[in-house]
Amino acid sequence: MLQNLHVKNLALIDEIEVEFGDGLNILTGETGAGKSIILGSVNLALGGRYTKDILRQGADYGFVELTFQVENERQIRKLKELDIYPEEGSVVLSRRLMEKRSVSRINGETVQTALLKEAASILIDIHGQHEHQSLLYKKNHLGIVDAFARETIEDVKQKVRKAYKDYKACEKELSETKTDETQRAKELSFLRFETEEIREAELKPGEDEDLEDLYRRIVNSRQIAESVSEAYLYTSEGNESASENLSRAIRAISEITEYDDKALELYDQLVEIDSLLNDFNRELAGYADECEFSDEEYHDTENRLNEINRLKTKYGNTIEEILAYCRKQEKRLAVLEDYDGYIEELQAKAVKAEAELKKQAVKLTALRKKQAKILEKAIEDGLKDLNFENVQFEIRFEQTKGYTAEGTDDVEFMISLNPGQPLKPLAGVASGGELSRIMLAIKAVMASRDEIETLIFDEIDVGISGRTAQKVSEKMAVIGRGHQVICITHLAQIAAMADHHYLIEKATLKGVTRTDIRRLEEEASVRELARILGGAKITDTVLRSAVEMKELARQLEQKE
């Protein structure tokens, strides 16, 4: 659950810190006090977009930090799959917002915003003020069914996606391969020319590097020969060469070896040096012979390099790339030479891929329909709990025109709100307030299957009042039994159900306006309920009504 919220330098917030509890957490306050800023801050911490205008005037940065207590094993496993490990049961998501960039962290470690969002989707679900509008779009209905049926259908959905990918790959290959006889003849001729040209060159991997090394030696052979000759002169030829002088030194010191062990040791070292020098001179002489090149060798090497470089300009930057290109063209050549057989093979492959896709799509449809019946009944019951007394709700399935990565199901929510009225598409029947309650009913049903422990509702009470508001409040309380719920509301009926009640208020001090939030004890909570009920003037009658509402809420809780 969301244990702590820390916000600094955002909009009207200087700095606030809130400790949330389990169950139903209610946030109330005057219009314009900054309730939206509080939950907006949560969205920012979870990777939401922002502009520099959100920063408090005069501040260089804004900061939001959420601390979650994670005990659910499935959530922990999902987080570990993202390489996120709770520390003493806690996961801390934070975001530092600056004018042109932001820095996101999880447990103090800097991460990409995408990872922050992925982690957030495991820990928290936010229902914004206008989210219920998404129900107007038919394309979203399949997603709701699949989210409800996730445990049952996930394996088959993966198989459908794989089968669809294979099927589309076959379709693409068939489309790209179809060609007329004239085009095929031209391509055959061109492919034969290219492959024969490369094969005739008899290229060997690494050959170009060896030739370039040889060519450098040939071009610079005169300078190499002169330098080698000079070195040989100093080490091996002439009276002043190193070899001659070393021989003289050996003769001189040999005359004293019988008199002293140290002299004998030095003599042995000189003999070893002489042996090494002789080896060096032999290698030097051999190297000098290797550096002698004929004009024919020069021209052959140059022509071969020119041929290789010409092929590189046409087929690849290296010999390996040229040979790979040749193999690719040979494969295409084989296809065109046996074109009819290839097309037949590809068509058979496509038929097999489509059959597999159809098989998996049929399985997916059957599973979806079975789960949709359960969801349909649960939503209808939930709607009745929310004062839709004569509601009928149906999840209608139709077949898509073709295959999709999600199968062949086209799903739409149908509803009848009054007796005698036929079922119609949800988008054409429900008002804003009704949509809000329908979404609440869906959220309540989804919560029963969802592992997300924290649910946030931003003004779920839009467009409702009276008995309907009471029903909504009872539904919120029920959800709060199994989840942590954080809810902004304008309705006293919902606020009365609070397990934890927070007041958001705005104050101006020395010309500076700030938004703050504080947790209310029982008496203060009653006064806030009275304010919601009575407006500017709180009478004894209004206070008694507020006390009665709290008492009724407690009785309902005990009954539940």
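This is a predicted model: local features need pLDDT of at least 70, side-chain atom pairs count only at pLDDT 80 or more; totals for chains, interfaces and linings use all residues.
Student: Where do the buried residues of α7 lie, seen down its axis?
Tutor: Buried means under 20% relative accessible area, exposed over 50%, and partly exposed in between, with a 1.4 Å probe and protein chains only. In α7, E207, D208, L211 and I218 are buried. Their directions from the helix axis to the C-beta atoms fall within an arc of 85 degrees, so these residues line one face of the helix.

Student: Which residues are exposed on the other side of α7?
Tutor: The buried set includes L211 and I218. On the other side, the exposed residues are E209 and D210.

Student: How many bridges pair β4 with strand β5?
Tutor: Two strands pair if DSSP finds at least two bridges between them. β4 (residues 61–69) also pairs with strand β1 (residues 2–10), antiparallel, over six bridges. With β5 (residues 90–98) the sense is again antiparallel. Here the count is nine bridges.

Student: Is N4 buried or exposed?
Tutor: N4 lies in strand β1. Its relative accessibility is 6%, so N4 counts as buried.

Student: How far apart in space are N4 and F68, C-alpha to C-alpha?
Tutor: F68 is in β4, where L2 stands opposite it. N4 and F68 are 64 residues apart in sequence. In space, C-alpha to C-alpha, their separation is 7.1 Å.

Student: What joins β5 to β6?
Tutor: β5 is mostly covered, with seven of its nine residues buried. Strand β6 (residues 102–106) pairs with β5 in the antiparallel sense over five bridges, and L93 stands opposite I106 in β6. Three residues make the link, as a hairpin.

Student: Which strands stand at the edges of the open sheet of three strands?
Tutor: The order is β9-β10-β11, with antiparallel pairing. Strand β10 (residues 407–416) joins β11 by two bridges, and M414 stands opposite P425 in β11. Each edge strand has a single partner strand, so one side of each is left without a neighbour in the sheet: these are β9 (392–404) and β11 (424–425).

Student: Which element gives the largest share of the lining of the second largest pocket?
Tutor: On a 1 Å grid over the protein atoms alone, a pocket is an open set of points where a 1.4 Å probe fits, with protein on both sides within 12 Å along at least five of seven lines; lining residues have an atom within 4 Å of a point. This pocket is lined by 17 residues, and A496, A498, D499, E522 and K550 lie nearest its centre. Elements giving two or more residues are α15 (466–482), β14 (500–509), α17 (522–534) and α18 (540–559). The largest share, five residues, comes from α18.

Key:
Residues are numbered from 1 along each chain as its sequence is written. Side-chain values use heavy atoms; hydrogens and water are left out. Helices (H or I, at least four residues) and strands (E, at least two) are DSSP runs, numbered from the N terminus.
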